[in-house]
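Here is a short briefing to read with the structure open beside you. It goes through the ligand site, the domains and the aromatic rings in turn.

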Amino acid sequence: MSRIDDLLSRMTLDEKIGQLVMQALGAGTIVTGPGAATDSSVDDVRQGRIGSILNLVGRDRILALQKIAVEETRLGIPLLVGLDVIHGYLTDAPVPLAETAAFRPDLWEETARMAAEEAAEDGVHLTFAPMLDLARDPRWGRMVEGPGEDPYVGRVMAAAKTAGFQGRDLTDPLSIGATAKHFVAYGAVNAGREYASVEVSDRTLHEFYLPAFKAAVDAGTVAIMPAFHDIAGRPMSGDKALLTGLVRDTWGFDGIYVSDYDAIGELVAHGVAADMAEAAAIGLEAGMDIDMMSAAYREGLKPAIERGLVSVDLLDATVRRVLAVKERLGLFDNPYARGTIAVARPRQERRALVRAVGAASCVLLKNDDAVLPLAPTGGRIALIGPFATTKREMIGAWYGLGDREEAVTIEAGVRAGFPHREVVVVEGVSGLGTETDGIAEAVAAAGEADLVLLAVGEAAELSGEAASRVRPGFTGRQAELVSAVIATGKPVVILLVCGRPLIETEAFAAAAAVLVIWHPGSEGGAAVAEVLSGRRPPSGKLPVSWPSHLGQVPIFYAQRNTGRPYAEGEFFVTKYVDASNEPLYPFGYGLSYTTFELGEPIVEATRFKPGETVNVTVRLANTGPVSADTTVFLFSHDCVASTARPILELKRFQTVTLAAGEETFLHFDLEPADFECLGPDLVPRAEPGDFVLSVGFSADRRLVKTVRVTLGD
Ligand code: NOJ
């Protein structure tokens, strides 16, 4: 008899239910949700009423609790320990949206690996990451946690992060389980308002929101977390058709669903369950394995079984999946492995990694008169703004256990990076406050400097969960500070601190340069200084379209043509009468200190048959003065299809380094699946006809270079 069969045959009903309950408990618990059902005690662990814990930090505390589970419970089943290890544990990489901007899947995987190692060393088994929610609306604060707007990028991110967290062997004590979240289409919450309902077509769900989760399943993710919201009145925690029908039965997902915080209990507030017993029954029927922080399974599952709402067989099947994941993670064989091993990677190496990623994530939006890079010597620099000196903004949302005191501020980075230039620092205004006292001082400092670095944007706490904004722009009185400093006439470089596009079109127009630094991580200030000095030229590319006006959202590049495509000067076409349709900066946009040139795309043959691959080659040259990285994107457009296709769909990207004057040929292999679309029945199929393949440095379709290929005999 297998270990799991044996255990199941000996478990009481209460012990079975206990395996499905995840609670936060004990001293050292961090808080990541409202205070629902937090009255659990260590005795609940001892009695087998809790099978998993979350938010407990520190290896000694975790190991002590694990010892109780292993040695003092009747069956000795180890606990599963979960935590939000989002963009780092001790050493923080840039926030996920920023990291996406690096377009470096190797780095995406590497930072996840490093976070897994640090977390595992401290006793964690499972992270609630990667967050794979695509977003088209910067009002939604959680855009900061995700991979931006593109489904292909989402897929690559899912694969890289899952590989990084889980490693090659899940029983390796330095690997932790991944949780793909939040399933699904959470980024589409109505009007960008957190936790709101979602309206989404089946096609958009299948083409746009689901593929990243499919990629996580294909990469072997241990867990998936369904989201809080409902789609057209069906809360995700009760969506059997998607959770079980699609993901388990069709995709073959063999891991566990971990609910979001209190989400099964919230089925009552949604209005689809009358009480906890009904909520528990709906959750279990749908396929939810672990109930995080609600009273549904804890208090409602037994009555649900007694009332005949769910069967013990279904409960058994669910418990079996949870035990199987504990087994996959090696917890039965060595419940104390994580928490007792030491990380091999020296601190220096970890800091160097996040510094490199921090620099690679910066996106240069504007650089008039080549004001950047800054020379190592020269006149005084005035570093102005509320985020010049703050550590918190370097880390951003979900700082894990990262020691914020060790974050490198912009001031520290700039002082160390420019030892031969005088640097004067003035905060001017606070990030959130309404006082304007410091503006005069800031203006005076700007007046006496050769150049101003303006560290402004969005406070860290204003992006992330429960941080939707109706005006994603400068917070507090920063707009006044920015105008006053720009009015001095000195060259101003905006260092934009943010977790989402901030719509500050006029300020960008008035500044000499704009460098989006996001929340750049533990080494943030140092990374930014390396970009400013040119030691690492900027190479980040926007993972989301940057609106020029809030009224353009939701905005994304993969638009369809419509029956009345936009045409200059025409009236009856798709357009706004008061602004352009185009974003201020398109997906993929990002300048460098050098210039790159792309040749025409070359294909071996312009006609290909179903099942054949298409190889595209393009010449890329660095025609400017310095060695730098750049990213080339390859898009496809299916010209005529049974359902209208977007004008550009990303199929591949490559990020390469080229020395000044160097040129290379990039090769892209497109697989048969790259030419498929979903038929009217939402099943992928190849439809013969013409495809336009485009290569470019961004999704600006006026600038891409194209070749037409034909699928057919
Ligand atoms: C709620 C968040 O939505 C989710 O992302 C997180 O993993 C859980 N809280 C647990 O902290």
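Predicted model: local features only at pLDDT ≥ 70, side-chain atom pairs only at ≥ 80, totals over all residues.

**The ligand site**

- The residues around the ligand are Thr32, Asp84, Phe128, Arg142, Lys181, His182, Met225, Phe228, Asp260, Tyr261, Met292 and Glu465.
- Sorted by class, this shell around the ligand holds 5 nonpolar, 2 polar and 5 charged residues.
- Thr32 has a side-chain N or O atom 2.5 Å from an oxygen atom of the ligand.
- For Asp84, a polar side-chain atom is found 2.4 Å from a ligand oxygen atom.
- Arg142 also takes part, with a polar side-chain atom 2.7 Å from an oxygen atom of the ligand.
- On its own the ligand has 300 Å² of accessible area, and the protein covers 100% of that.

**Domains**

- The protein chain is divided into domain 1 (1–83 + 258–344), domain 2 (129–255), domain 3 (347–537) and domain 4 (596–711).
- Between the C-alpha centres of domain 3 and domain 4 the distance is 35 Å.

**Aromatic rings**

- Searching the whole structure turns up 20 aromatic pairs.
- Phe253 and Tyr257 form an edge-to-face aromatic pair, with 5.3 Å centre to centre and 70 degrees between the planes.
- Phe253 counts as buried because its relative accessibility is 5%, and buried means under 20%.
- Tyr257 counts as buried too, because its relative accessibility is 0%.
- One aromatic cluster is formed by Phe103, Trp108, Tyr152, Tyr557, Phe587, Phe633, Phe635 and Phe653.

**Charges over rings**

- Lys181, one of the residues around the ligand, lies over the face of Trp398, at 5.4 Å from the ring centre.
- Lys575 lies over the face of Phe571, at 4.1 Å from the ring centre.

Methods:
Residues numbered from 1 in each chain as written. Heavy atoms only, no water. Near = heavy atom within 4 Å. Polar contact = N/O pair within 3.5 Å; in protein donor to acceptor, adjacent residues only side chain to side chain. Areas by Shrake-Rupley, 256 points an atom, 1.4 Å probe, with all protein chains shown as cover. Nonpolar A, V, L, I, M, F, W, Y, C, P; charged D, E, K, R; others polar. Phe/Tyr/Trp six-rings, centres within 6.5 Å; stacked < 30°, edge-to-face > 60°. Buried < 20%, exposed > 50% of the residue type's maximum accessible area, 1.4 Å probe, protein only. Lys NZ or Arg CZ within 6 Å of the ring centre and 35° of its normal. Domains from an automatic or database assignment.
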